[in-house]
Amino acid sequence: MNVLLYQAVKKFTKMSKRSPTSVAESTDSKKPKHWSLGLLESMKDPESIVKKTDQCVVIKDKYPKAKIHYLILPLSDINSIYKLNSSHVNLLEEFNKLFKEMQEEVNLPLRAGFHAVPSMMRLHMHVISKDMISPCLKTKVHWNSFTTDFFRPYEEILQELKENGSIKKISPEQHKSLMSSELQCNQCSFKPKTMPQLKQHLLTHVK
Ligand code: AMP
Ligand code: ZN
């Protein structure tokens with residue numbers, strides 16, 4: 001590694017150890033923000049917000065993986081499901097209230113859940129329709145992150161939190177194995193060989 005690259009990596013590593021809020025809310029507006037802080041920006045963007053309550057905000061997913069794809073986030077600084085404890089049961093119930101409201105507003109079946117290994121900072125619950133029809137759905141990783149056990153349904157997370165007071169992480173081996181699962185249609189037994197074949201097939205499920 002050359003010296004400049006080493007210094008840049010070292011500087012970034014230091015930056016990413018800071019609290020996400022302190023970086024995203026930095027007073028220096030020219031300072032570049034790491035991509036993993038993007039939800040903190042979208043939570044403040046009126047174009048992106050669809051609903052807001054005392055405790056939560058619902059935003060549009062910027063790269064939707066289905067016809068309907070929203071994210072529900074807490075206003076409080078909770079990084080992920082792995083920071084939840086028993087005191088957050090009420091917050092999750094508020095997420096569910098918002099999810100039910102959204103389900104009533106649309107005529108497509110919606111699912112609610114969390115990625116076992118989230119890539120973006122700030123706890124966020126995905127609310128996504130099961131069609132999975134979207135130009136942003138491109139890769140096997142995208143597909144498997146919503147259709148395998150990598151997608152942890154809301155009810156499962158709530159139950160685990162009530163029973164254990166925390167959420168257990170998956171192992172790196174489980175993560176790898178879920179991401180490399182064979183493609184499988186989420187609405188029938190068809191096993192497509194490629195993503196283009198899967199995307200074409202999904203259209204046959206549209207009524
Ligand atoms: P996760 O893997 O659970 O962390 O998913 C993060 C989600 O955030 C993905 O569905 C992305 O499409 C979405 N996303 C990424 N950047 C933004 C952004 N700036 N605003 C809104 N949604 C975003
Ligand atoms: Zn199918």
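Contact, on this tour, means heavy atoms within 4.5 Å. Keep in mind as you click along that this is a predicted model.

**Stop 1: a loop residue**

Start by selecting Y63, which sits in the loop between β2 and β3.

**Stop 2**

Next, colour residues 56-60, which make up strand β2, and residues 69-74, which make up strand β3. These two strands pair in the antiparallel sense over five bridges. Show K60 and Y70 to see one spot along this pairing: K60 stands opposite Y70 in β3.

**Stop 2: the whole sheet**

Widen the view to the open sheet of six strands. Reading across, the order is β1-β2-β3-β5-β4-β6, and the pairing is antiparallel. Where does the sheet end on either side? Select 49-52 for β1 and 151-153 for β6; these are the edge strands, each pairing on one side only. If you look along the sheet, neighbouring strands are turned by 30° against each other on average, direction ignored.

**Stop 3: helices on the sheet**

Now select residues 89-105, helix α4, which packs on the sheet. Helix α4 touches β1, β2, β3, β4 (110-115) and β5 (125-129), and its direction makes about 155° with that of β3. Then pick residues 154-164, helix α6, which also packs on the sheet. Helix α6 touches β4, β5 and β6, and makes about 70° with the direction of β6.

**Stop 4: an aromatic pair**

How many aromatic pairs does a search of the whole structure find? There are two. For one of them, show F95 and F114: the rings are stacked, with 6.4 Å centre to centre and 25° between the planes. F95 belongs to helix α4 and F114 to strand β4, so to speak a link between distant parts of the chain, 19 residues apart.

**Stop 5: the ligand**

Of the 16 residues around it, S42, D61, S119, H124 and H126 come nearest.

- G38: a backbone N or O atom lies 3.5 Å from a nitrogen atom of ligand 1.
- S42: a polar side-chain atom lies 2.6 Å from a nitrogen atom of ligand 1.
- D61: a side-chain N or O atom is 2.5 Å from an oxygen atom of ligand 1.

Taken alone, ligand 1 exposes 510 Å², and the protein buries 90% of that.

Technical notes: Residues are numbered from 1 along each chain as its sequence is written. Chains are lettered from A and ligands numbered from 1 in the order in which they are written. This is a predicted model: local features need pLDDT of at least 70, side-chain atom pairs count only at pLDDT 80 or more; totals for chains, interfaces and linings use all residues. Side-chain values use heavy atoms; hydrogens and water are left out. Two strands pair if DSSP finds at least two bridges between them. Helices (H or I, at least four residues) and strands (E, at least two) are DSSP runs, numbered from the N terminus. Axes are lines fitted to C-alpha atoms, for helices over the stretch in contact, and angles run from 0 to 180 degrees between N-to-C directions. A residue is near a molecule or strand if one of its heavy atoms lies within 4 Å of it. A polar contact is a pair of N or O atoms within 3.5 Å; within protein, one must be able to donate a hydrogen and the other to accept it, and residues adjacent in sequence count only if both atoms are side-chain atoms. Accessible areas come from the Shrake-Rupley method with a 1.4 Å probe; for residues, only the protein chains shown count as cover. Rings of Phe, Tyr and Trp (its six-membered ring) pair if their centres lie within 6.5 Å; planes under 30 degrees apart count as stacked, over 60 as edge-to-face and the rest as tilted.
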